[in-house]
Amino acid sequence: MNLQHIKNTSSKINNAVTYTIIPMGTVALADLLIREGYETMIIHTGIEQICNRNFNLEDLIKNYDPLMVGIDLHWYVHSYDAIRISSLIKRLSNAFVVLGGFTASYFAEEILSNFKSIDAVICGDAELPLLKLLKCKDGEDLREVPNLVYRNAESLKRSKDRYVANSSDLNRLNFSNLHLLSNFDEYIRNISQFGDLDPFKDKAKLKTQGWLCLGRGCSVNCSYCGGGKDAFQLLTGRREPVFRAKERVLAELARFEEMKISCVYMDFDPFPEKRDYYHDLFDMIRREKIDISAQFLLWSLSDRNFLRDFNRTFNPLYSTLTLSPESGSEYIRKLNKGFYYSNSELLRWLENIKREMIPIQLYFTSGLSWETVSHFEETIKLAKRMVEEYPVVSISCNPIELEPASPRFLSPKKYGISLKTRKFIDFYNVFKGLAEGLPVHSQLGYETNYLSEPLIIELSQQFREIMSSAQYKKWEKFFFESNL
Ligand code: SF4
């Protein structure tokens with residue numbers, strides 16, 4: 001799921017970021033349906049509201065009177081909105097309403113038991129199931145639809161067949177047909193300017209961003225991640241990461257360039273010790289002379305060769321590498337992250353980054369398992385040094401999220417945390433409260449054996465204040481020296 005890579009700042013901005021991004025698979029699903037002859041469109045209610053203050057979902061539903069509506073419930077932050085929208089659709093139309101995405105997959109039975117506005121949930125990979133669902137007549141053959149949990153009279157059923165997309169399935173998908181998204185030009189422009197997702201948001205008024213699908217899955221389990229190896233297996237049946245063919249990726253990149261997308265976001269790096277795939281892909285991009293920037297999220301450190309290759313492949317205007325050390329304490333990093341590296345390895349990597357002059361974006365967090373205030377002091381110390389000595393264009397710290405299906409969520413005791421949000425209805429109530437401006441019983445949904453919830457939030461806040469002052473001093477010194 002990789003929500004951990006989409007870090008947020010504080011509660012309000014938080015929602016803006018996570019509510020704005022759509023899972024990239026949505027575009028591929030819509031494209032697949034179109035190719036199979038189904039009239040399909042993607043509506044992003046947030047973008048519609050940005051474009052038109054008078055946007056009204058009721059009118060839209062009445063105008064189109066859809067046969068079927070798919071709602072993405074991948075990230076848990078959409079728990080309330082997904083249900084709210086489904087109720088509206090049911091009230092105004094006879095559409096069959098189906099949910100998909102990791103959060104929906106994890107809570108499928110609970111959602112269907114409690115919310116009559118949802119007819120079915122596709123658990124895991126949705127491409128083939130969605131097509132088969134559309135071909136079903138009057139709900140009679142729902143058992144033939146793989147990955148489906150559905151309501152049958154008053155009871156729930158789960159279909160027996162499982163569909164897990166393999167490499168060839170992914171190669172047949174098209175993730176670049178953004179025209180299927182209503183007001184897509186507003187989406188690709190706005191998306192990079194919310195919250196701290198974009199290191200260049202202040203100068204990025206002309207920047208447009210696209211999402212490049214390189215594959216699916218992960219090879220490790222970070223304690224906090226709901227998209228790690230075991231979570232993938234639990235939610236989708238996928239045992240190993242799968243890559244898309246480089247030729248397909250290249251074709252989509254070329255398409256993005258044609259569409260005037262200035263930067264592509266790449267967040268798939270499941271085997272950091274073996275990055276031949278990227279070297280080959282970067283080589284192909286250079287040979288095709290595709291001129292585009294890239295924000296590449298490294299899941300662990302890289303060698304200098306990778307940095308050089310990255311540097312000479314992508315347009316430097318918006319290009320960055322992103323890394324999430326999460327903690328300055330090696331002890332805490334080792335206990336929580338699937339890919340471990342020491343601080344001295346990290347600093348050596350930063351020296352190479354400096355030599356190659358690549359802007360970097362760094363993510364830290366508070367509230368990791370077994371973390372104490374003194375561990376967090378190590379985080380501040382390390383981060384400050386990074387800001388002062390290296391080409392850091394953005395550095396942020398936010399409380400670690402509680403992701404459904406993450407190791408911490410599934411085994412809280414083992415990871416030294418207490419959950420305050422366990423069921424779907426808990427997530428739903430939190431986001432309903434936030435949407436309505438009401439007090440919520442817990443923002444994070446957990447506390448650890450060492451840190452209370454308010455302290456976890458406060459530590460991240462402290463971090464941001466210290467780093468913002470360190471960055472200001474660095475730039476002040478830079479301008480002072482260059483004006484001498
Ligand atoms: S590397 Fe860790 S955080 Fe990234 S997808 Fe894998 S388990 Fe999740």
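1. A crossing of two helices is called left-handed if the near helix is turned anticlockwise from the far one by less than a right angle, and right-handed if clockwise; by this convention α4 passes α5 in a right-handed crossing. Helices here are DSSP runs (H or I, at least four residues), numbered from the N terminus.

2. This is a predicted model, in which local features need pLDDT of at least 70 and side-chain atom pairs count only at pLDDT 80 or more, while totals for chains, interfaces and linings use all residues. Residues are numbered from 1 along each chain as its sequence is written.

3. Helix α4 (residues 57–64) packs against α5 at about 45 degrees, with 10 Å between the axes, which are lines fitted to C-alpha atoms over the stretch in contact, with angles running from 0 to 180 degrees between N-to-C directions. The two helices are therefore oblique to each other (under 35 degrees is roughly parallel, over 145 roughly antiparallel, 65 to 115 roughly perpendicular, and the rest oblique).

4. Leu57, Glu58, Ile61 and Lys62 of α4 meet Ile85, Leu88, Ile89 and Leu92 of α5, contact requiring C-beta atoms, placed from the backbone, within 7 Å. This contact comprises 6 nonpolar, no polar and 2 charged residues (Ala, Val, Leu, Ile, Met, Phe, Trp, Tyr, Cys and Pro count as nonpolar, Asp, Glu, Lys and Arg as charged, and the others, Gly among them, as polar).

5. The domain assignment, automatic or from a database, gives domain 1 (23–158) and domain 2 (181–482). Contacts link 26 residues of domain 1 with 24 of domain 2, and the domain 1 side divides into 17 nonpolar, 6 polar and 3 charged residues.

Note on methods: Contact = placed C-beta atoms within 7 Å.
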